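Biologist: I would like to go through this model with you. Could you take my questions one at a time?

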Amino acid sequence: MARYIIKRVILAVLTVFIISAITFFLMHAIPGGPFNKEKALSQATIDALNQRYNLDKPLVEQFFIYIRELLKGDFGVSLKNGREIGQIIGESFPISARLGFTAVAFALVLGTILGSLAALTRNKLPDRIIIFFSTLFTAVPSFVLATLLLLVFCIQLQWLPVWSTQTPNYVLPVIALAAYPMAYTTRLAKTSMLDALDQDYIRTARAKGVAHWKIIFKHALRNSLIPVITYAGPEIAYIITGSMVVETVFTIGGIGSQFVSAITNRDYTMIMATTIFLAALMVVANLICDLLYKAVDPRIKYD
Amino acid sequence: MVNYDENGTPKKNKLSLQIDLSKFEPATDEEKKQQDVMSKSSTFFKDGMKKLRKNPLAMASMIVLVLIIVLIIVAPLVIPYGYSEILSVNGKRDKGAKNLAPFTYSKMEQKYIDEGNYRFPHVFGTDEQCRDYFVRVIYGTRVSLVVGFFASLIVLIIGMIYGSISGYLGGTVDLIMMRIVDIIYSLPDMLMVILLSVVFKEVLVFPDGSILAKLGTNMVSLFIVFGLLYWVGMARLIRGQILSIKENDYVLAARTVGAKAGRIIRSHILPNCLSVIIISTALQIPSAIFTESYLSFIGLGVQAPMPSLGSLANAARQGLQTYPYKLVFPALAICLIVLSLNLLGDGMRDAFDPKLRR
């Protein structure tokens, strides 16, 4: 177990390093330096600036300087407004984290409940309704849902206020973000619940005369959760990318909308830092899910 | 010692289980006929199609898709407006044709119609740059479908070649090739797609007039991104299939006769994993459309004035309050296409390969 964890942690660190390298070298493949402004600077000024920001050194050396600074928590400076990127991330990440965690929890819990319900009422009305909506929602991209929700509930019906720092209302963004993963989790939970209900130990429990609810909660549900946990990793990745558009649509100043506006403004240092930050987040989330998966299911061998 | 009877067959021992032929009589012609196979043997494809035809959801999706495809082919031929054409009446620019509601005309057009001329209606109205919105949605659907289809095709081709080589050769080659796949697989795909799109948008420059320039750097970078990242899933799938198929005796037989690796892969192994390949390609198309519309939405998709469903939905966010229908049309189109492709793909999976069922 300990060996397995160490191995996975090393692999995760390696993945983050590879991602950082890809990001760094790709961003530096874009022609034009940061000081190419309309107003021509004198050669001496450019040289001084280059030296100040280590731009005169070879690219590989620049990369290692960048990584060193990253490890110290220094993400560099935004090209557009000159602010510390670490500070921008520090301000915007808590908002996104709150939104994202709520969405993940919402999707997983509700998806499992609905999926299990569909499995228990197989081919009856509740099952039909649940499967209809989960099929429907796997076909709606998050940005479409977000914009439609904004249109209907904020603008047309005016039931909920449009997001602002004074009236932070997370209801619609969470729905927009969680709809797709929830629909997917529902379908997944249904099949795994059906599988679990088909097992011999369920029949044994029934034969023993164990109460119906006890069979479902103690025997079937716990076993059906295993595939759902495996999906949690990809789900977090989906929510992180989805939050970019959802935050943009609802004008929430989270890290996702910062990323999108950095793309529109061609703020390369910001794009680089945010990509590495979000990628590291996804890798860590995946690592935790994998470890959790192994911990929950003792049948899996560590290799 | 063996005793023979009068027919020359060995004489039966009392306790023997040997069949006594004298108790049998030859079958009559009529009885022989009963053994004939009356119906033609069903091929794998026919069998699957039969099952697919019984699936009402899959068939309905297929009809919807066919209708959409017919519409996007026929509509541009019928409608006299271009997707980037700014409306004009009698050669004069129609400045009043901005943000018209569906099926309405601008003052200039109304005057033109009152003079007894015919003007094609603006089915979805017009956009803020005086362009017919219906044509733009039609072209957006075209772009999204074409991108989805070709991106999946690229994924299929690269994944198939890589996966079959890796699976067939096995050993060290397989190990190294699969390590590369593992590395690409562990990268967060969407972030890498965004990053690559940002970079390619700036780096790629095509000579004027070439096909690539016509497609636009964004579209080309989209295909490159798909070719670079999304093939790994397909490669893994095909490698797994090949690993199990190549153990079959007919492959051994082919090898004994001296067939080369390429021939064995092409004519013995690939046809056997065809169903898996077709199904996963079919399910790849909607996810490619999702990715394209996502990228277009954050401004990294196809280049203006070329519309795509994602960029139309993004543009509709301005003035959402006043012109909500501008969002509804492209949004509905995306959902309808993705939904029918998903349902059709699921139906195909159930019909052609029950093993893949989740």
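Biologist: Which residues does Arg8(A) touch, not counting residues up to four places away in sequence?
Modeller: With that exclusion, Arg8(A) touches Leu287(A) and Asp290(A), where contact means heavy atoms within 4.5 Å. This is a predicted model in which local features need pLDDT of at least 70 and side-chain atom pairs count only at pLDDT 80 or more, while totals for chains, interfaces and linings use all residues. Residues are numbered from 1 along each chain as its sequence is written, chains are lettered from A in the order in which they are written, and side-chain values use heavy atoms, with hydrogens and water left out.

Biologist: Is Arg8(A) buried or exposed?
Modeller: Arg8(A) is buried, because its relative accessible area is 19%; buried means under 20%, exposed over 50% and partly exposed in between (1.4 Å probe, protein chains only).

Biologist: Changing topic, how many residues does the contact take from chain A and from chain B?
Modeller: The contact takes 44 residues from chain A and 37 residues from chain B.

Biologist: And what is the area buried between chain A and chain B?
Modeller: That area is about 3,500 Å², and carbon and sulfur atoms give 81% of it. Buried area is the accessible area (1.4 Å probe) that two parts lose on being put together, summed over both.

Biologist: Which side chains meet in a salt bridge?
Modeller: The rule finds one salt bridge across the interface of chain A and chain B. Arg187(A) and Asp346(B) form a salt bridge through their side chains, at 3.2 Å, N to O; the term requires a side-chain nitrogen of Lys or Arg within 4 Å of a carboxyl oxygen of Asp or Glu.
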